[in-house]
Amino acid sequence: MLVGCKCGTCGAPVLVAFTGKRQFLELLNIDSSGQLRRGKHKVASATVQLGKQPPDMLPPGWPLPVGKTEVWVLTSTSGAAPMSNADRERPYRQLAERLAQISWPLTGVGVSCGEL
């Protein structure tokens, strides 16, 4: 994908997955000036659901085409989180099901963006 692409057809990923809420929260808790959000402005982990994220959960300045690149938050790969194996595996299985729906190789993918 070219830096600054907005069209989503020149190599933008179809899916992006974060393994753990913490990694996704690192993006959400940086404001548009690059400063760490604190206090009431900080996004709490309880507000992030596992699985596919709605577009309104993406941070300001998200560099990938909203609506064309799906963002997923998966459970941490650490076994320290207190959950059953079924709960830990569920988001990965959902992502695998979604990935199986995407035909490969992708068609209509160009190498340059008309909307730079």
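Predicted model: local features only at pLDDT ≥ 70, side-chain atom pairs only at ≥ 80, totals over all residues.
Me: How many helices and strands are in the chain, and what makes a stretch count as one of them?
Reply: The chain has 2 helices and 3 strands, in the order β-α-β-β-α from the N terminus on. Helices (H or I, at least four residues) and strands (E, at least two) are DSSP runs, numbered from the N terminus. Strand S2 covers residues 51–52, and it counts as a strand because a run of E needs at least two residues.

Me: Why is Pro60 called partly exposed?
Reply: Buried means under 20% relative accessible area, exposed over 50%, and partly exposed in between (1.4 Å probe, protein chains only). Pro60 has 48% relative accessibility, so it counts as partly exposed. Pro60 sits in the loop between S2 and S3. Its C-alpha atom is separated by 9.1 Å from that of Leu27, 33 residues apart along the chain.

Me: What share of the chain is buried?
Reply: Of the 116 residues in the chain, 28% are buried.

Me: Which residues of helix H1 are buried, and how do you know on which side they lie?
Reply: The buried residues of H1 are Phe24, Leu25 and Leu28. They cover an arc of only 100° around the axis, which puts them on the same side of H1; the arc is that of the directions from the helix axis to the C-beta atoms. Arg22 and Glu26 are exposed on the other side of H1.

Me: What do the buried residues of H1 pack against?
Reply: They pack against strand S1 (15–19) and strand S3 (70–74). Contact here means heavy atoms within 4.5 Å.

Me: How do you know which strands pair, and in what sense?
Reply: Two strands pair if DSSP finds at least two bridges between them. S1 and S3 are joined by 5 bridges and run parallel, with Phe18 opposite Val73 and Val16 opposite Val71. S2 and S3 pair in the antiparallel sense over 2 bridges, and one partner pair is Gly51 and Val73.

Me: What makes S1 and S2 the edge strands?
Reply: The 3 strands form an open sheet of mixed pairing in the order S1-S3-S2. S1 and S2 are the edge strands, as each pairs on one side only.

Me: What makes S3 mostly covered?
Reply: In S3, 5 of its 5 residues are buried. Glu70, Trp72 and Leu74 lie on one side and Val71 and Val73 on the other. In a regular strand the side chains alternate between the two faces of the sheet.

Me: What is the volume of the largest pocket, and why is it called a pocket?
Reply: About 190 Å³ of space lies in the largest pocket. On a 1 Å grid over the protein atoms alone, with a 1.4 Å probe, a pocket is an open set of points with protein on both sides within 12 Å along at least five of seven lines. Grid points are joined across faces, edges and corners, and a volume is the space filled by probe spheres set on the points.

Me: What makes a residue part of the lining?
Reply: Lining residues have an atom within 4 Å of a point; among them are Thr19, Lys21, Leu50, Leu74 and Met83. Helix H1 (residues 21–28) gives the largest share, 3 residues.

Notes:
Residues numbered from 1 in each chain as written. Heavy atoms only, no water.
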